[in-house]
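Colleague: I would like to learn how to read a model like this one. Can we go through it feature by feature?

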Amino acid sequence: MNDAASALHTDIPTAPHAPRKAPLATRIMYLLAVILPFAGLLTAIGLLWPLGFNWTHLVLLLVMYVLTGLGVTVGYHRLFTHKSFETGRVMTFIIGVLGSMAAEGPIITWVATHRQHHQHSDDEEDPHSPHAHGGTFFGLLRGAWHAHMGWLFRGRVVDESRYAPDLMKDGLVRFLSKTFPIWVALGLIIPAALGGLLTMSWFGVLLGLLWGGFVRIFLVHHVTWSVNSICHIWGRQRFQSHDESRNNFLCAILAFGEGWHNNHHAFPASARHGLSWWEIDTSYLVIKAMKAVGLARNIRTPSPERIAAKAIG
């Protein structure tokens with residue numbers, strides 16, 4: 001079994017299939033997921049002069065960014081999509097909730113989309129490749145826009161039964177996916193409530209909602225989407241991977257190690273994306289810390305021999 005197949009733990013057919021249009025409600029949800037955080041960012045900036053900004057709101061922003069960002073990288077990506085480690089049901093629930101709070105879509109939909117990306121990376125069936133828009137400068141710009149967020153507005157439905165049949169059989173994951181809007185709302189309510197309690201004011205509630213809620217979602221979204229766009233255009237290719245994936249240091253730092261994207265595409269089943277000592281991979285450090293306290297097991301990483309065999313040059 002090759003790396004991609006073992007990472008998915010399922011046999012995925014490779015025959016082309018006709019994409020289906022997403023229901024109107026789903027397309028509206030995607031639109032709101034993009035517009036509302038941006039509107040929240042503009043509102044937060046507009047309120048800086050009359051209401052100010054203090055350490056309480058900065059801490060709420062950073063803590064919520066780290067928790068929900070890791071919910072995506074450790075949870076949605078390395079646990080649910082690639083099964084690169086195992087954990088208990090309680091931690092599965094917690095990580096799934098944190099990832100859902102990032103408002104990037106229900107777990108099963110996110111996983112199915114990402115698995116399709118790996119199965120068809122940078123070909124015509126890749127949901128968000130930047131490389132199908134011509135070789136001109138404007139083609140590059142169109143491709144970067146499409147890979148970053150334009151693909152969300154195409155209204156295509158990923159075939160979840162094809163790309164995530166294992167998760168569709170998991171009752172806990174199905175529950176988390178079906179209750180996705182509840183977790184998104186909770187990700188807004190928590191910073192708003194904390195902002196109010198820590199400042200004992202309604203302005204604190206508002207600023208907590210804006211900075212710990214909407215601005216945080218905006219930042220997590222665009223950092224995550226940058227892995228789709230930037231890391232398939234700019235950066236270094238360290239390994240053979242049959243696509244245009246790249247390692248990008250800035251994306252790696254902001255996205256908790258996800259920016260070592262060429263490494264990941266070369267070894268998709270690996271829980272570790274930063275394969276050298278200097279490749280900072282915060283998500284892998286979290287997984288190792290979970291193992292140290294008995295919360296993670298069967299962590300999958302490639303052997304030095306496999307790493308050397310795939311290296312370019």
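Colleague: Take contacts between residues at least 6 apart in sequence. What share of them joins residues at least 24 apart?

Modeller: This is a predicted model, so read every value as computed from it. Contact here means heavy atoms within 4.5 Å. Of the contacts between residues at least 6 apart in sequence, 73% link residues at least 24 apart.

Colleague: How many helices and strands does the protein have?

Modeller: There are 16 helices and 2 strands. The radius of gyration is 19 Å, close to the 20 Å from the globule rule for 313 residues, so the protein is as compact as a globular protein of that length. Along the principal axes, the C-alpha atoms fill a box of roughly 60 × 50 × 40 Å.

Colleague: What percentage of the residues is buried?

Modeller: Buried means under 20% relative accessible area. In this protein, 53% of the 313 residues are buried. The accessible surface comes to about 14800 Å², and carbon and sulfur atoms hold 69% of that.

Colleague: Now single residues. Is glutamate 258 buried or exposed?

Modeller: Compare its relative accessible area with the cut-off for buried, under 20%. Glutamate 258 has 8%, so it is buried. Its place is the loop between helix 13 (249-254) and helix 14 (261-266).

Colleague: Which side chain makes a polar contact with that of glutamate 258?

Modeller: A polar contact needs a pair of N or O atoms within 3.5 Å. The side chain of histidine 77 pairs with that of glutamate 258 at 2.3 Å. Leaving out residues up to four places away in sequence, glutamate 258 touches Thr73, His77, Arg78, Val227, Ala252, His273 and Ser283.

Colleague: What about threonine 81: buried or exposed?

Modeller: Threonine 81 has a relative accessible area of 0%, so it is buried. This residue belongs to helix 4 (residues 55-81). The threonine 81 side chain reaches the backbone oxygen of tyrosine 76 at 2.7 Å.

Colleague: Where does isoleucine 280 sit?

Modeller: Look in the loop between helix 14 and helix 15 (282-292).

Conventions: Residues numbered from 1 in each chain as written. Predicted model: local features only at pLDDT ≥ 70, side-chain atom pairs only at ≥ 80, totals over all residues. Heavy atoms only, no water. Helix = DSSP H or I, 4+ residues; strand = E, 2+ residues; numbered from the N terminus. Buried < 20%, exposed > 50% of the residue type's maximum accessible area, 1.4 Å probe, protein only. Polar contact = N/O pair within 3.5 Å; in protein donor to acceptor, adjacent residues only side chain to side chain. Rg over C-alpha atoms; globule rule 2.2 N^0.38 Å. Areas by Shrake-Rupley, 256 points an atom, 1.4 Å probe, with all protein chains shown as cover.
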